[in-house]
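Good morning, colleagues. Please look at the sequence and the structure on the screen while I go through the charged pairs, the aromatic rings and the sheet.

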Amino acid sequence: MSEWSVAQETTTARRRHGQSRAPPSPNTIPPPIPEGFMLVHFDGATKALVGGAIGFVGLSSQRAISFALGRFYTAFDHPFLIELMALRDDMRWCLSHSITNVLFCGDAQVVIRMIAANDSSHALGGAILKEVQVLRTSLARVSFHFAPCRYNRAAHTVAKHALSSMVPHLVDHRIVLFSFA
């Protein structure tokens with residue numbers, strides 16, 4: 001909430017000084033995908049008193065969709081936790097499928113910042129953050145990027161579909177993405 005308040009103050013101050021938006025900073029848009037890497041967008045969706053769901057979509061260096069997976073979690077409806085769980089499950093899946101050169105993109109800035117800062121002291125989600133840091137060391141080449149919502153729509157669509165389907169295991173959701181194309 002405090003980050004949102006600061007962002008609103010900054011935006012208001014920029015408008016007063018005639019600046020409509022800040023210039024893009026590094027790691028704020030999906031990077032180009034080098035040969036031999038996978039770009040994986042991750043996202044979470046929640047519904048109060050119902051639960052949360054995760055979605056992640058992998059793109060090859062030719063930007064072809066390689067996978068689109070989603071899963072529902074009954075007991076989790078906190079947005080921060082579900083974003084962390086999306087990243088963690090995404091990393092686990094990549095490792096289990098020998099995908100070790102990965103660019104991860106998500107639209108939760110606080111998650112990306114905590115990963116970059118190697119900070120797992122957060123009271124809410126600290127154990128998941130620690131697991132993400134351990135998984136990170138198992139990947140050969142990895143980077144984490146913030147992707148504004150407009151670049152993260154595929155992962156968001158998968159997470160929303162997983163939330164509505166309420167299936168508690170990873171399910172392939174590529175058909176959902178192709179039906180929106």
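Arg92 and Asp89 form a salt bridge, with their closest N and O atoms 3.8 Å apart. By salt bridge I mean a side-chain nitrogen of Lys or Arg within 4 Å of a carboxyl oxygen of Asp or Glu. Both residues belong to helix H2, and because they are three residues apart there, about one helical turn separates them. Helices (H or I, at least four residues) and strands (E, at least two) are DSSP runs, numbered from the N terminus.

Before I continue, please note that this is a predicted model, in which local features need pLDDT of at least 70 and side-chain atom pairs count only at pLDDT 80 or more, while totals for chains, interfaces and linings use all residues. Residues are numbered from 1 along each chain as its sequence is written, and side-chain values use heavy atoms, with hydrogens and water left out.

Is Asp89 buried or exposed? Asp89 is buried, at a relative accessible area of 3%, whereas Arg92 is partly exposed at 38%. The terms are set as follows: buried is under 20% relative accessible area, exposed is over 50%, and partly exposed is in between, with a 1.4 Å probe and protein chains only.

Arg92 has a further partner. Glu131 forms a salt bridge with Arg92, and here the closest N and O atoms are 2.6 Å apart. Glu131 sits in helix H4 (residues 126-138) and Arg92 in helix H2, so this pair ties together parts that are 39 residues apart in sequence. Glu131 is partly exposed, with a relative accessible area of 25%.

How many salt bridges does a search of the whole structure find? The search finds six. One of the pairs is Arg174 with Asp172, at 2.5 Å from N to O. Arg174 is partly exposed, with a relative accessible area of 32%, and Asp172 is likewise partly exposed, at 39%.

Glu83 presents another case. This residue lies in helix H2 (residues 79-96). Glu83 is buried yet has no salt bridge, and the nearest side chain of opposite charge, Lys160, is 11 Å away. In this count Lys and Arg are positive and Asp and Glu negative, while His and the chain ends are not counted. Which residues does Glu83 touch, not counting residues up to four places away in sequence? They are Phe42, Asp43, Gly44, Asp107, Ala108 and Val111, where contact means heavy atoms within 4.5 Å.

I turn now to the aromatic residues. The structure holds five aromatic pairs. In Phe56 and Trp93 the ring centres are 6.4 Å apart and the planes stand at 55°, so the pair is tilted. Rings of Phe, Tyr and Trp (its six-membered ring) pair if their centres lie within 6.5 Å; planes under 30 degrees apart count as stacked, over 60 as edge-to-face and the rest as tilted. Phe56 lies in strand E2 (residues 51-59) and Trp93 in helix H2, so the pair ties together parts 37 residues apart in sequence. Both Phe56 and Trp93 are buried.

Phe67 and Trp93 have ring centres 4.2 Å apart and planes at 50°, so this pair is tilted. It links strand E3, which holds Phe67, to helix H2, which holds Trp93, across 26 residues. Phe56, Phe67 and Trp93 form one aromatic cluster.

Phe67 itself lies in strand E3 (residues 65-73), and at 5% relative accessibility Phe67 counts as buried. Leaving aside neighbours within four places in sequence, its contacts include Met38, Val40, Ile99 and Arg174. The C-alpha atoms of Phe67 and His173 are 8.0 Å apart, although 106 residues separate them along the chain.

Finally, the sheet. Six strands form an open sheet of mixed pairing, in the order E5-E4-E1-E2-E3-E6. Two strands pair if DSSP finds at least two bridges between them. At the edges are strand E5 (141-146) and strand E6 (171-172), each pairing on one side only. Strand E1 (residues 38-47) and E2 run antiparallel and are joined by nine bridges; His41 has Val57 in E2 as its bridge partner.

Two helices lie across strands of this sheet. H2 lies across E1, E2, E3, strand E4 (101-106) and E5, at about 145° to E1. Helix H5 (residues 153-165) lies across E1, E2 and E3, at about 140° to E2. Axes are lines fitted to C-alpha atoms, for helices over the stretch in contact, and angles run from 0 to 180 degrees between N-to-C directions.
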